[in-house]
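Here's a quick briefing to read alongside the model.

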Amino acid sequence: MNNESTLGFLLHDVARLLRKRFEQRAKCLGLTRSQWQALAHLAKNEGIHQGGLAEILEIEPITLVRILDKLAERGLIERRQHPTDRRIWLLYMREEAHPLVAEMREIGEITRGEALDGIPQEQRDLLFEILSGMKTNLVQACRTPLAANETNHG
């Protein structure tokens, strides 16, 4: 196999190993992967509605409700009713969550440091530039509908 045919597998393996190493370090926080992912995204998107957070996390809204219930039970998040639509709940972090998120960020920095150990800064910068370009290309491609003959591979 050439490098192009294994790119997806390599990216998947690196992402999986980053998560695995983060989980090893974060075990002491007492959160599941789903909980810390929800908390991390909520920290960047406070005031988001539950459906929006589910979309970011790429999970079903009902699955997110269970995760949020656990975080609320721990006193880490709160739901507030939307000011004009009582069917919508907006999500906010509680003060108790901020030290936990800071600790998660620190663990993330350590984990990234391990992953990038021995890689010169110039190559790190190039890696981020290439991956950002790939992300931009794929976001744009995903917005472009496929032709009918491209969707059927059976």
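A search of the whole structure turns up one aromatic pair. Keep in mind that this is a predicted model, where local features need pLDDT of at least 70, side-chain atom pairs count only at pLDDT 80 or more, and totals for chains, interfaces and linings use all residues. Numbering runs from 1 along each chain as its sequence is written, and side-chain values use heavy atoms, with hydrogens and water left out.

**The aromatic pair**
- Phe22 and Trp36 make a tilted pair, 4.3 Å centre to centre with 50° between the planes (ring centres, six-membered ring for Trp, within 6.5 Å; under 30 degrees is stacked, over 60 edge-to-face, the rest tilted).
- Phe22 sits in helix H1 and Trp36 in helix H2, so the pair ties together parts that are 14 residues apart in sequence (helices are DSSP runs of H or I, at least four residues; strands are E, at least two; numbered from the N terminus).
- Phe22 counts as buried, at 8% relative accessibility (buried is under 20% relative accessible area, exposed over 50%, partly exposed in between; 1.4 Å probe, protein chains only).
- Trp36 is buried too, at 10%.

**Around Gly75**
- Gly75 is in the loop between H4 and strand S1 (77–81).
- With 14% relative accessibility, Gly75 counts as buried.
- Leaving aside neighbours within four places in sequence, Gly75 is in contact with Arg94 and Glu96 (contact means heavy atoms within 4.5 Å).

**Leu71**
- With neighbours within four places in sequence left aside, Leu71 is in contact with Leu31, Gln35, Ala38, Leu76 and Ile77.
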